[in-house]
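Me: Please take a close look at a single residue in this protein and describe its surroundings. Then place that residue in the chain as a whole.

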Amino acid sequence: MAQNGDRIVFEPGTYCECAVWRASDLTIESPGRGATFEAPVCIGRGIFVLMGNNIKLKNLTFAGAKNRHRS
């Protein structure tokens with residue numbers, strides 16, 4: 001579980017998972033060619049659901065997410 005102020009680094013590649021980020025002041029990144037996330041959505045919202053404040057995403061690609069719930 002991420003804590004406030006953490007730096008999370010994903011190795012380049014393709015990931016088939018979603019995540020809910022509740023901590024604040026995070027940096028979530030990938031070096032080089034970056035990481036791609038192709039996944040179902042978490043809690044009906046998105047591949048990454050950002051609930052904390054001041055979250056930076058660097059060198060990440062998101063693809064293929066579909067939310068089946070429409071309002």
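**Thr-27 and its setting**

Reply: Leaving aside neighbours within four places in sequence, Thr-27 is in contact with Asp-6, Arg-7, Ile-8, Lys-56 and Lys-58. These contacts are read from a predicted model. Thr-27 itself lies in strand β4, which covers residues 27-29. Its relative accessibility is 17%, and because buried means under 20%, Thr-27 counts as buried.

Now the chain around that strand. The protein chain has eight strands and zero helices, so that, by the DSSP runs used here, the order along the sequence reads β-β-β-β-β-β-β-β. Of the 71 residues in the protein chain, 32% are buried, and Thr-27 is one that counts as buried. Contacts between residues 24 or more positions apart make up 46% of those with a separation of 6 or more.

As for overall dimensions, the C-alpha trace spans about 35 × 25 × 15 Å along its principal axes. The radius of gyration of the protein chain is 12 Å; a compact globule with 71 residues would have one near 11 Å, so the two agree.

Among the residues in contact with Thr-27 are Asp-6, Arg-7, Lys-56 and Lys-58; Lys and Arg count as positive here and Asp as negative.

Key:
Residues numbered from 1 in each chain as written. Predicted model: local features only at pLDDT ≥ 70, side-chain atom pairs only at ≥ 80, totals over all residues. Heavy atoms only, no water. Helix = DSSP H or I, 4+ residues; strand = E, 2+ residues; numbered from the N terminus. Rg over C-alpha atoms; globule rule 2.2 N^0.38 Å. Buried < 20%, exposed > 50% of the residue type's maximum accessible area, 1.4 Å probe, protein only. Contact = heavy atoms within 4.5 Å.
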